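Please read the following report alongside the sequence and the model.

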Amino acid sequence: MNIILLGPPGAGKGTQARRLVEERGMIQLSTGDMLREARSSGTEMGNKVAAIMDAGELVTDEIVIGLIEERLQGDHAGGFIFDGFPRTLGQADALGALLDRHGAALDAVVEMRVDDDALVERITARSTCGMCGEVYNDITKPIPADGKCSNCGGTEFKRRADDNAESLRTRLMEYYKKTSPLIGYYYAKGDLRSINGLGEIDEVAGAVSDALA
């Protein structure tokens, strides 16, 4: 099964993607993770990515599609989760063409709907484990009392510099301008499944599972 998790920054796409990886053996394709891995890989593509990022420029859609195509090679029976890609209608078309070339299909697009004000409250309280990326929240999932990550035992936690109300609203505006048109795009294709993305993690995971059933 190949799916897209769609939603604004902070909606919980990464958290739910990790659940699907654990429970279904799927492979999470996070654009940010792929770019970081490519940058340090030493490959021809990786060196190209590093040069672009070091120059402070944006990585092109063609390069991102190339990285995704590399990951599609081989047998991945569990399927893929596209997390953070596509972000635009042009990228959606490019992804569809790529899947067609590989004889694959997109099975579902899960839209994680959220309330903006609640999302701002959630994100400004968010921190992550510096070792494994496990997400914590001062209100809904605080860092364990012993100061150790419940997933890996790490003791270093960090907050993103842009996890503040002003930066988040800027990121939300960018999402609504460029990415939200994908909701109508995939609805017209019959692929869209919409769920409430602001419940407890297990509750949202159940809604994702129901949407994929």
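Arg 171 counts as buried because its relative accessibility is 18%; buried means under 20% relative accessible area, exposed means over 50%, and partly exposed lies in between (1.4 Å probe, protein chains only). Arg 171 is placed in helix H7 (residues 165–178). Helices (H or I, at least four residues) and strands (E, at least two) are DSSP runs, numbered from the N terminus. Neighbours within four places in sequence aside, Arg 171 is in contact with Pro 9, Arg 126, Arg 160, Asp 162 and Asp 163, where contact means heavy atoms within 4.5 Å.

This is a predicted model, in which local features need pLDDT of at least 70 and side-chain atom pairs count only at pLDDT 80 or more, while totals for chains, interfaces and linings use all residues. Residues are numbered from 1 along each chain as its sequence is written, and side-chain values use heavy atoms, with hydrogens and water left out.

Val 110 belongs to strand S4 (residues 108–113) and, at 0% relative accessibility, also counts as buried. Beyond neighbours within four places in sequence, the contacts of Val 110 include Ile 4, Leu 5, Leu 6 and Arg 193.

Two packed helices are described by the angle between their axes and the distance between the axes. Axes are lines fitted to C-alpha atoms, for helices over the stretch in contact, and angles run from 0 to 180 degrees between N-to-C directions.

| Helix pair | Angle | Axis distance |
|---|---|---|
| H2 (residues 31–39) and H4 (residues 61–72) | roughly 85 degrees | within 11 Å |
| H5 (residues 89–101) and H8 (residues 181–188) | about 35 degrees | 9 Å |

H2 and H4 are therefore roughly perpendicular to each other, a term for angles of 65 to 115 degrees. On the H2 side, Thr 31, Met 34, Leu 35, Glu 37 and Ala 38 meet Val 64, Leu 67, Ile 68 and Arg 71 of H4. In the other pair, Leu 89, Ala 92 and Asp 93 of H5 meet Pro 181, Leu 182, Tyr 185 and Tyr 186 of H8.

Which residues line the second largest pocket? They are Thr 15, Arg 18, Arg 19, Glu 22, Cys 132, Glu 134, Val 135, Lys 141, Ser 150, Asn 151 and Ile 201. A pocket is an open set of points on a 1 Å grid over the protein atoms alone, where a 1.4 Å probe fits, with protein on both sides within 12 Å along at least five of seven lines; lining residues have an atom within 4 Å of a point. Helix H1 (residues 13–24) gives the most to this lining, with four residues.

Technical notes: Angles under 35 degrees count as roughly parallel, over 145 as roughly antiparallel, 65 to 115 as roughly perpendicular and the rest as oblique.
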